[in-house]
Amino acid sequence: MTRDLNTNTLFVEQAPETIEKGDAGKNLDDDGRPKRTGTLVTASAHIITAVIGSGVLSLAWAIAQLGWVAGPIVLIVFSFITYFTSTMLADCYRSPDPITGKRNYTYMDVVRANLGGVKVQLCGIAQYGNLIGVTIGYTITASISMVAVRRSNCFHKHGHEATTCNPSNYPFMIIFACIQIVLSQIPNFHKLSWLSILAAVMSFTYASIGVGLSIARVAGLMDKYEGGGAHASTTLTGVTVGVDVSSSEKVWRTFESIGDIAFAYAYSNVLVEIQDTLKSSPAENKVMKKATFVGISTTTLFYVACGCFGYAAFGNDAPGNFLTGFGFYEPFWLIDFANVCIAIHLIGAYQVFCQPVFGFVEKWCSKSWPESKFITSEHCIDVPLYGIYYLNLFRLVWRTIYVIITAVIAMIFPFFNDILGFLGAASFWPLTVYFPIEMHIARSKIPKFSFTWTWLKILSWACLMVSVVAAAGSIQGLVKQIQKYKPFETKQ
C-alpha cells in the first residue's frame, strides 16, 4: 500500500494538508497540523540529552585550567546566561504574540519573523553548520567510549602499563553508524521522546558514576586500586605557570576552557524544534521556560559536581575525560558500564541534533519537487512488535547517505572535536546570545540607549569576546593536531 504525500508529513514540520479531511478537528492543532503531545517531561529530556554530553567528564580539566575561584564562577555565570537567553528565544516561537501568534517551526523561521533580511541566512549557516559538526563529533566520541570498554578490560587483564591495549576506533565508528542508519528512520522530532528519555537517564548514570569515583578518590577509598597515598595538587588559580605549563600554554588553555564551559550549556540550535513538539495548552512558551529551568539547573548541578569533584580528585593533572582518558582504571566493571552509558547517550543525542537537518533538507526537496513520487510517497509496512510503519524511499536513501558521510568524515579527521570546538565558538554567540537578544529588543520595542538596551548589548558583546578567544584557542589546538595528522592511522 502506498500513500502520496504532496506535503511534509515525513518532516519535523507537517503541513495541514497531510491530515485527511475526515479527521476530527480535535485531532488538529490551531495550525491545522496533527495535535502535538509533548510535555514538560519530554521537553526537559530533550534539553538534558542535548546539553549534557560526555563533555561533562572533561569539565575537571576545564576547572583545572581556571582554578577553584574562576572555575565554578564561570560555570554558574554561563548557566544563567544560557537560561536567560533561552527564555527570550522561547517567547519567539509564536509571532507576534508569544501565546496566540503564528507558529515558527524552526530557528530560521523565528529569525525571519522577527528580524528578517540577511540575518535569516546567517542563522541557517550557523545552526545547520553546528548541527552537522556535532553529529560528526558524536561519532568520534561514541567510538572512543566503545573502545574504552575494550581497553579497560585489557588493562585489567594485562596491567595498567600494557602497550597492547590500543584497539582501533574505526570498527566502532562503523558500528555506531549502522545503529544510526536504523534510528534515523524515526520520522521526526515528535517520535523521538522515548530515545531522549533513555539518553537522559544514561547521562545521569555516567555523570553520577564519574562523581562517585571522584569522591571515592578524594576520600582515599581508591587507594587499594591505585597503590595508595597519592593526593592531587589543586590551587585557587589552576595550573601553575612554570610548574605545570608555560605562560603561553596557560593563556591558550584558559581561553579553551572558558569556551568549553560556555558551549557546554548551549542548546539553542534545537530549542525551537523541541518547543514545536509541545502541546498548545498550557502555552508552549511557559512550558518551555519551565523545561529550560529544569534542564539547565539539572545540568548545572552535574557540571559543578563533575567539574569540582573531578578537579579535587585529579588536581592540575586532570585528564581531558576521566572515564575514557583513564583517570580511573578500577573497578574496571564500573568503568565499562559508565562508558556503555556514554555510548547509549550519544546514540540518542546524535538523533536530537540530526533530526532538524533531516527536516530542513526534506522540506526543501518536497517543495522543490512536489510531483516526485520518490520524495513524496510513503509505503505502508507492517513491522512485527511495532505496527504500521510508513517507509519513504527518499528518507531512507538520504538519511543513510548522511550517516555514512558523517562516519567517513569522522574516520578521516579523528581530531574533528578540535574543529567542533571552533564551530561551537563560531555558533555560540549568534545562536545562543545575539539572535535571542536582538529579537527580544525588536519584539519589546526597547528604545536605543535605554538602560535595558545598554546592558543587553553589553552582555551580547561580552559573549562575543568569549566566542572570539575560544575560537583562537581552538585554532591553536587544531594547528597542533594537523601537524601530527596521518589519515586512517591506527594505534599499535
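## Nonpolar cores

The largest nonpolar core has 119 residues. Within this core, the residues with the most contacts are F78, Y107, Y206, I261, Y267 and Y303. Helix α11, residues 332-368, gives the core its largest share, 16 residues. Another core lies apart from it and has six residues, including I140, Y170, A410 and M411. The model behind these values is predicted.

What does Y107 contact, leaving aside neighbours within four places in sequence? Its partners there include L89, C123 and Q127. S268, V272 and E273 are also in contact with Y107.

## Overall make-up

The protein has 492 residues, and 56% of them count as buried. Its secondary structure comes to 15 helices and five strands.

Helix α10 covers residues 284-314, which is 31 residues. Just after α10, G315 takes a positive phi of about 65°.

T299 lies in α10. Is T299 buried or exposed? T299 counts as buried because its relative accessibility is 0%, and the cut-off for buried is under 20%. Not counting residues up to four places away in sequence, T299 touches V51, I52 and Y265.

## Where α4 meets α13

Helix α4 spans residues 119-158, and helix α13 spans residues 393-412. Their axes come within 9 Å and cross at roughly 65°. The crossing of α4 past α13 is right-handed.

Which residues make the contact? From α4 come L131, I132, T135, I136, T139 and I140. From α13 come Y402, T406, A407, I409 and A410. By type, the residues of this contact divide into eight nonpolar, three polar and no charged.

How values were computed
Residues numbered from 1 in each chain as written. Predicted model: local features only at pLDDT ≥ 70, side-chain atom pairs only at ≥ 80, totals over all residues. Heavy atoms only, no water. Axes fitted to C-alpha atoms, helices over the stretch in contact; angles between N-to-C directions. Helix = DSSP H or I, 4+ residues; strand = E, 2+ residues; numbered from the N terminus. Left-handed = near helix turned anticlockwise from the far one by under 90°. Contact = heavy atoms within 4.5 Å. Nonpolar A, V, L, I, M, F, W, Y, C, P; charged D, E, K, R; others polar. Expected span 1.5 Å × (residues − 1). Core = buried A, V, L, I, M, F, W, Y, C linked by side-chain atoms within 4.5 Å. Buried < 20%, exposed > 50% of the residue type's maximum accessible area, 1.4 Å probe, protein only.
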